Amino acid sequence: PDMVWHLVLMKPRTDLSPGDRQALLDAFNRAVREIPTVREARVGRRITHGTAYEAAAPDSADFVASIGFDDLAGLQTYLRHPAHEELAARFYRSLSSALIYDFEMDEG
């Protein structure tokens, strides 16, 4: 595999304050900046456009974060890093739902 990807689909709590939302984003940015095994990181907002699969999907994610690593060891280093511990603590307090998956992905 070319890379290992940590994919996090999440829905913030409806009562999450703007300050807490920003603190979660700041913790994410700090983690991906400070943890040396992170190769790529992106955050996106869900879009809907009237497809059948949207109607069938559970309403459990408004955002996705994708974080790429060279290998499984890089992901494990990330998960054990103190900056990730801070992120995880904020993450679980801030969200009403989350799905987290790790994938080995090849180019093309």
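User: How do you know how far to trust the prediction, and where is confidence lowest and highest?

Analyst: The protein averages a pLDDT of 95, and 99% of the residues score at least 70, on a scale from 0 to 100. Helix α2 (residues 52-56) has the lowest confidence, with a mean of 93, while helix α3 (residues 72-80) has the highest, at 98.

User: What makes up the lining of the largest pocket?

Analyst: That pocket holds about 470 Å³ of space, and 24 residues line it. Met10, Leu24, Phe28, Leu87 and Phe91 lie nearest its centre. Elements giving two or more residues include β1 (3-12), α1 (18-34) and α4 (82-94). The largest share, six residues, is from α1.

User: Which class of residue dominates that lining, nonpolar or charged?

Analyst: Nonpolar: the lining has 19 nonpolar residues, against three polar and two charged. Met, Leu and Phe count as nonpolar, so the residues nearest the centre, Met10, Leu24, Phe28, Leu87 and Phe91, belong to that class.

User: Why are Ala83, His84, Leu87, Phe91 and Ser94 of α4 called buried, and why are they on the same side?

Analyst: Buried means under 20% relative accessible area, and these five residues of α4 are in that class. They cover an arc of only 95° around the axis, so they sit on the same side of α4. The face turned away from the buried side carries Pro82 and Tyr92, which are exposed, meaning over 50%.

User: What is the span of α4 against the expected one?

Analyst: With 13 residues, α4 reaches 19 Å from its first C-alpha to its last, close to the 18 Å expected at 1.5 Å a residue.

Key: Residues are numbered from 1 along each chain as its sequence is written. This is a predicted model: local features need pLDDT of at least 70, side-chain atom pairs count only at pLDDT 80 or more; totals for chains, interfaces and linings use all residues. Side-chain values use heavy atoms; hydrogens and water are left out. Helices (H or I, at least four residues) and strands (E, at least two) are DSSP runs, numbered from the N terminus. On a 1 Å grid over the protein atoms alone, a cavity is a set of points where a 1.4 Å probe fits but cannot get out, and a pocket is an open set with protein on both sides within 12 Å along at least five of seven lines; lining residues have an atom within 4 Å of a point. Grid points are joined across faces, edges and corners, and a volume is the space filled by probe spheres set on the points. The expected span of a helix is 1.5 Å times one less than its number of residues. Buried means under 20% relative accessible area, exposed over 50%, partly exposed in between (1.4 Å probe, protein chains only). The arc is that of the directions from the helix axis to the C-beta atoms.
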